[in-house]
Amino acid sequence: MKNKKNSIFLIVVPILCILIVALFAYDRYQTNQLAKKFKQDNQTSLENKLPTIYCVGDSTTIGTSKNTSYPKYLENSINTTITTFGDDSINSLALAIKFGVSEIYVNNFTIPAKSEETTITLLDKNGQAVNAILTSKTNIDKCTINNIEGSINYDTANNRLVFKRSKAGESSKINTLTKIEVTKPEINKDNILILFTGSYEESVQGSLAEYQKQIISAFNTDKYIVVSLTQDDRDATNNLLKTTHGDHYLDFKSYLLTSGLKDAGITETAQDKTNLANKNTPSSLLDDKINGNSKYNELLAKQLTDKMTKLGYL
């Protein structure tokens, strides 16, 4: 009888040990899975809370073939959606028109029945020519003229703007000043706007600041940053932008003059010394007179991130 009990004991004990180990392993697995899911849910929640960042501007925003743009650096440092709007040499009025916040008109114009290109001259409400789209060499992707949908494109070969209707139909002759309805791009309600414009235009009687205010209105947000111009001889314009935009203004030019080379890890050259003596952006941070190089854009992305954090946007 005693031998039988010992046999049962020898069988039961190992089985119980195996069950205990299995339960412990399963419990650990479940705990790890829950922790992993919590971390993923937490990360997803954080991503969903961060607003879309819209970077609007010209080549200083879009970037060039020589450099990495500042929006690309933002993508690498901020886990949210970064959307870029603009064109290489676009001016602020052209951007305001493309966003549908600056009105344009047409007159003495015939839209042919066929879907073919027709030269078009854009006008203001007084019938005067508006050349912003033409000089910026940009397009209006979707618009409506006299209930006819189409697009306005820059014709590089002939240096002109052309309208092309989306579908063939009846021709339409326009003999009175007629507003062009520009289809606005889709913009998320919860957003941050970074506006870096003015490099390809002269600000006449504060025109740059006024056009920038129009562009900002298109985004319907109080979360925005306007970047200072960094070219030579733009101090007066920058002072006006600072006065206009207040805390939303990022004085990137002053930062480049005081800390740019040091923070970029660049040894000052003789030309840099001359630039700084004249209060101009150091050549070692530039690709040309307008565009910064990759180091410049990396510094700008860092300054923008710090500014957004300071303003409570991130």
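**Core.** I began with the largest nonpolar core, which has 37 residues; Val56, Ile120, Ile145, Ile152 and Ile180 touch the most other members. For the term, a nonpolar core is a set of buried Ala, Val, Leu, Ile, Met, Phe, Trp, Tyr and Cys residues joined through side-chain atoms within 4.5 Å. Buried means under 20% relative accessible area, exposed over 50%, and partly exposed in between, with a 1.4 Å probe and protein chains only. Helix H4 (residues 92-98) gives the most to this core, with five residues. I also noted a second, separate core of 26 residues, with Phe196, Val227, Ala301 and Leu304 among them.

**Model notes.** The model is predicted: local features need pLDDT of at least 70, side-chain atom pairs count only at pLDDT 80 or more, and totals for chains, interfaces and linings use all residues. Residues are numbered from 1 along each chain as its sequence is written, and side-chain values use heavy atoms, with hydrogens and water left out.

**Valine 56.** What does valine 56 touch? Leaving out residues up to four places away in sequence, I found contacts (heavy atoms within 4.5 Å) with partners including Tyr70, Phe85, Leu95, Phe196 and Phe219.

**Sheet.** Next I followed an open sheet of five strands, in the order E5-E8-E7-E6-E11, with antiparallel pairing. Its edge strands are E5 (118-119) and E11 (181-182), each pairing on one side only. Helices (H or I, at least four residues) and strands (E, at least two) are DSSP runs, numbered from the N terminus, and two strands pair if DSSP finds at least two bridges between them. Four bridges join E6 (residues 140-145) to E7 (residues 148-155). Isoleucine 145 has isoleucine 148 in E7 as its bridge partner.

The largest pocket has a volume of about 260 Å³. Of its 14 lining residues, Phe85, Lys98, Asn139, Asp141 and Pro185 are the closest to the centre. E6 gives the most to this lining, with three residues. On a 1 Å grid over the protein atoms alone, a pocket is an open set of points with protein on both sides within 12 Å along at least five of seven lines, while in a cavity a 1.4 Å probe fits but cannot get out; lining residues have an atom within 4 Å of a point. Grid points are joined across faces, edges and corners, and a volume is the space filled by probe spheres set on the points.

**Cavity.** How many cavities of 30 Å³ or more does a search of the whole structure find? I noted one. The largest cavity has a volume of about 40 Å³, and its lining includes Ser59, Tyr70 and Asn297.
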